[in-house]
Amino acid sequence: MTSALDFMLAARRSEMQGLQALSLTCALVVQISRLVHALQRERGYSNFCLGGQAASHAHTLAELSQQALEQERVVRAALGQISASASADKAQLFTRIAYALHALDALPALRRRVRDESVSAAEAMRQFSRLVAALLAVVFEAADTAVDPRVTRALVALFNFMQGKELAGQERATGVAGFMAGYFDQALQDRLHFLQDGQKRCFDSFVASADDAARTEWEQLCKAELVEQIERLRQVAVRTTSTQRVQGELGDLWFDLTSERMDTMKLIEDHLADSLQQLCAHKTCKAQADLDNQRRLLRQLDQLDRYDEQGAPRLYNVQATELQVLPGEAPGGEVNRSLLQALHEQTVRLQQLQDELEQARETLSERRLVERAKGLLMSRHGLSEESAYRTLQSAAMERGQRLGEVAQTVLNYSDLLKQ
């Protein structure tokens, strides 16, 4: 009996350690979300400065760069804490972190080039977006290594929302470039459509995993007047041509509206981050309480053993459906039934957690397949990211399949060609 209880305690302690490591990971994700937002703001004003408006935006850009730098220090400190929790299941996460740090190390040089106006707006946009993508990859892997289904769902919701918000930031920059030029050529229009489709996909996944409060906040934003104004500007953008231009001042209006939308998104993102941290704290406290309950059961067992002054052996009918004791051994029987019940409850609970965890990770697995298939099409056929995604999307619509199923088919076919 004592050995069984010991292993029950060991199982709970192992779960507790996993939750404590998960809490550190979630704290890192929260800080990364703040850094991503700071970088998105810095990127937005960098585009303005490199678009010929440095005089009016240079001071604001300097302040935003400093804010991003301060948040970067916070993230690096959080990374220092999580590095101590190395384990086999975190290998991919740590690889993503290494790449993100490498991209962060290149940021000071990019800032100098922006300040000196020795880099194009398109190249600065590309490098900022590459850094943000590296940070989002860390959030993705964090969600994929979470050991608790509710925490995984919360991380999935946060990741998809952050991804959608990043695409909204890229749409903001693309819109600024087009309006400042006076019209949107076919490449810019294709880019806008790609970014808008991507946002819808990300926000749909977010809605499927988010809590009711976050969904309500998102629905309110979608119905806001500023979103209607942005949609009207989108329609203006697609109607422009080299002979039907618009005034460049629309770029300022577009930037202000899309920035307001992103700032409102940041409030929802903060809600998701706060909920994630609260959930981690709640799970850790509950695990500790369960661990304490198991210890009380162990103390109860010790007390009953001491109460049995005769020291008579407890005999059991191994063919019975339940453990039975000889007459007069009722206290021992109660303890064993309690032990069996506790073992059964823990087995059922762990199985339920595993089932829920697999469901929560399904979205992440599909995203990974789509990204791999997209990369394969880009490298094999020289397609752009937008074209590769459109190809997968068209195939999914024609076959009536999910995007992930089509992506898996593409990858399987590639594997067959290698044989």
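**Reading salt bridges and charged patches**

Trainee: How many residues apart are R215 and D212 in helix 7?

Mentor: In this predicted model, R215 and D212 are 3 residues apart in helix 7 (residues 212–222), so about one helical turn separates them. Their side chains form a salt bridge, with the closest N and O atoms 2.3 Å apart.

Trainee: Which residue forms a salt bridge with E231?

Mentor: R234 does, with the closest N and O atoms 3.1 Å apart. E231 is partly exposed at 34%, whereas R234 is buried at 15%.

Trainee: What is the N to O distance between K374 and E371?

Mentor: For this salt bridge it is 3.3 Å. K374 and E371 are 3 residues apart in helix 10 (residues 330–381), about one helical turn. K374 is buried, with a relative accessible area of 4%, and E371 is partly exposed at 37%. Elsewhere, salt bridges with shared partners join E72, R76 and D105 into one network.

Trainee: How many salt bridges does a search of the whole structure find?

Mentor: The search finds 14.

Trainee: Which residues form the negative surface patch?

Mentor: A patch takes residues with over 30% relative accessible area and no salt bridge. Here the negative patch consists of E249, D252, D256, E260 and D263. D263 lies in helix 9 (residues 250–307) and is partly exposed at 40%.

Methods: Residues numbered from 1 in each chain as written. Predicted model: local features only at pLDDT ≥ 70, side-chain atom pairs only at ≥ 80, totals over all residues. Heavy atoms only, no water. Patch = residues over 30% accessible without salt bridge, like charges linked within 9 Å, V, L, I, M, F, W, Y side chains within 5 Å. Areas by Shrake-Rupley, 256 points an atom, 1.4 Å probe, with all protein chains shown as cover. Salt bridge = Lys/Arg side-chain N within 4 Å of Asp/Glu carboxyl O. Lys, Arg positive; Asp, Glu negative; His and termini not counted. Charge placed at Lys NZ, Arg CZ, Asp CG, Glu CD. Helix = DSSP H or I, 4+ residues; strand = E, 2+ residues; numbered from the N terminus. Buried < 20%, exposed > 50% of the residue type's maximum accessible area, 1.4 Å probe, protein only.
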